[in-house]
Amino acid sequence: RDINLEIGRGEFIAIVGHNGCGKSTLGKLLCRFYDPDEGYVGVEGVDIRAFELRDYRSLITAVFQDFSRYHLKARQNIGLSWHQVIPNEAGIRLAAKLGGVDGILESLPEGYDTILGTYFGHGALLSGGEWQKVAIARALARPARILLLDEPTASLDAESEAATFEMIRSMPGGLIRILITQRLAHAALADRVIVMEQGRVVEQGAHADLRRRGGRDAALAAMQG
């Protein structure tokens with residue numbers, strides 16, 4: 001409600017707030033899973049409803065909390081990120097490396113040709129964290145202008161989580177990175193923090209500046225120790 005927000009090319013922003021404050025809903029509006037009742041989401045001032053849906057969504061790659069686990073070959077799990085063409089071998093392996101899952105996949109009985117999951121009875125059984133790394137690799141394999149991450153490391157151990165966020169923070173070029181998280185330690189890596197409360201943006205700015213002001217961002221940080 002009443003959100004007036006601009007995100008610049010190449011910017012890394014974090015959207016934070018308590019459960020139910022609207023963070024994930026805002027992310028889904030940006031993906032056009034929903035349309036707003038009032039106002040609009042725009043690209044350079046043009047309402048995204050003016051674009052063909054497939055064309056607009058081709059600009060975005062995302063990892064959500066409820067990511068999919070495809071009981072297919074490892075390479076297919078990553079390559080499914082492109083709806084038009086499967087990435088080449090180098091692209092799949094680079095995405096796996098960036099997602100931190102390359103070593104895991106290479107160690108499987110048939111490497112990247114191993115079926116993941118046990119739906120067909122003979123696939124490799126992955127942990128929740130390993131599946132999450134596959135989902136991150138799948139998102140990174142997709143050529144996009146916007147990377148949206150909704151609590152993307154909830155199942156990862158601390159070391160893997162730190163490596164993932166450092167990779168996201170250091171990604172080059174004009175990629176917009178949007179991180180939705182409850183954890184202020186992650187938000188501190190972003191260029192700008194957007195604080196939401198009851199469906200509204202109530203604060204925004206650099207993490208350090210918000211902490212000094214002592215507002216809601218600081219209160220969230222204090223609650224998390």
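Mentor: Some ground rules come before the details. The model is a predicted one, in which local features need pLDDT of at least 70 and side-chain atom pairs count only at pLDDT 80 or more, whereas totals for chains, interfaces and linings use all residues. Residues are numbered from 1 along each chain as its sequence is written, and side-chain values use heavy atoms, with hydrogens and water left out.

The buried residues of α7 are S160, E161, T164, F165, M167 and I168, where buried means under 20% relative accessible area, exposed means over 50% and partly exposed lies in between, with a 1.4 Å probe and protein chains only. Seen down the helix axis, these buried residues fall within an arc of 155°, so they line one face of α7; the arc is that of the directions from the helix axis to the C-beta atoms. The exposed residues A158 and E159 are carried on the face turned away from that buried side. As for partners, the buried residues of α7 pack against β1 (12-16), α4 (89-98), α6 (128-141), β5 (146-150), β6 (176-180) and α8 (184-187), with contact taken as heavy atoms within 4.5 Å. At the N-terminal end, D157 caps the helix, with a side-chain oxygen 3.1 Å from the backbone nitrogen of E159.

The loop between β5 and α7 deserves attention next, and T153 is found there. With a relative accessible area of 3%, T153 is buried, and, leaving aside neighbours within four places in sequence, T153 is in contact with Q132, E161, T164, F165 and H186. Three of these names, E161, T164 and F165, are also among the buried residues of α7. The side chains of T153 and E161 make a polar contact of 2.9 Å; such a contact is a pair of N or O atoms within 3.5 Å, where within protein one must be able to donate a hydrogen and the other to accept it, and residues adjacent in sequence count only if both atoms are side-chain atoms. E151 lies in that loop too, and has a positive phi of about 45° although it is not a glycine. Most residues other than glycine have a negative phi. At 15% relative accessibility, E151 counts as buried.

Among the partners of α7 is α4, whose own buried residues are I92, A95 and A96. Seen down the axis of α4, those residues fall within an arc of 100°, so they line one face of that helix, while the exposed residues A90 and K97 sit on the face turned away from the buried side. The buried residues of α4 pack against α3 (74-79), α5 (102-106) and α6. After α4 comes G100, with a positive phi near 75°, and the C-alpha atoms of G100 and T153 are 12 Å apart in space, although 53 residues separate them in sequence.

Strand β1 is another partner of α7, and V16 belongs to this strand. V16 counts as buried, at 0% relative accessibility, and 30 Å separates its C-alpha atom from that of D102, 86 residues away along the chain.

β5 and β6, also partners of α7, are among the elements that give two or more residues to the lining of the largest pocket, together with α1 (23-30) and β2 (42-43). That pocket holds about 1300 Å³ of space and is lined by 38 residues, of which L5, L30, Y40, V41 and G42 lie nearest its centre. A pocket is an open set of points on a 1 Å grid over the protein atoms alone, where a 1.4 Å probe fits and protein lies on both sides within 12 Å along at least five of seven lines, and lining residues have an atom within 4 Å of a point. Grid points are joined across faces, edges and corners, and the volume is the space filled by probe spheres set on them.

Methods:
Helix = DSSP H or I, 4+ residues; strand = E, 2+ residues; numbered from the N terminus.
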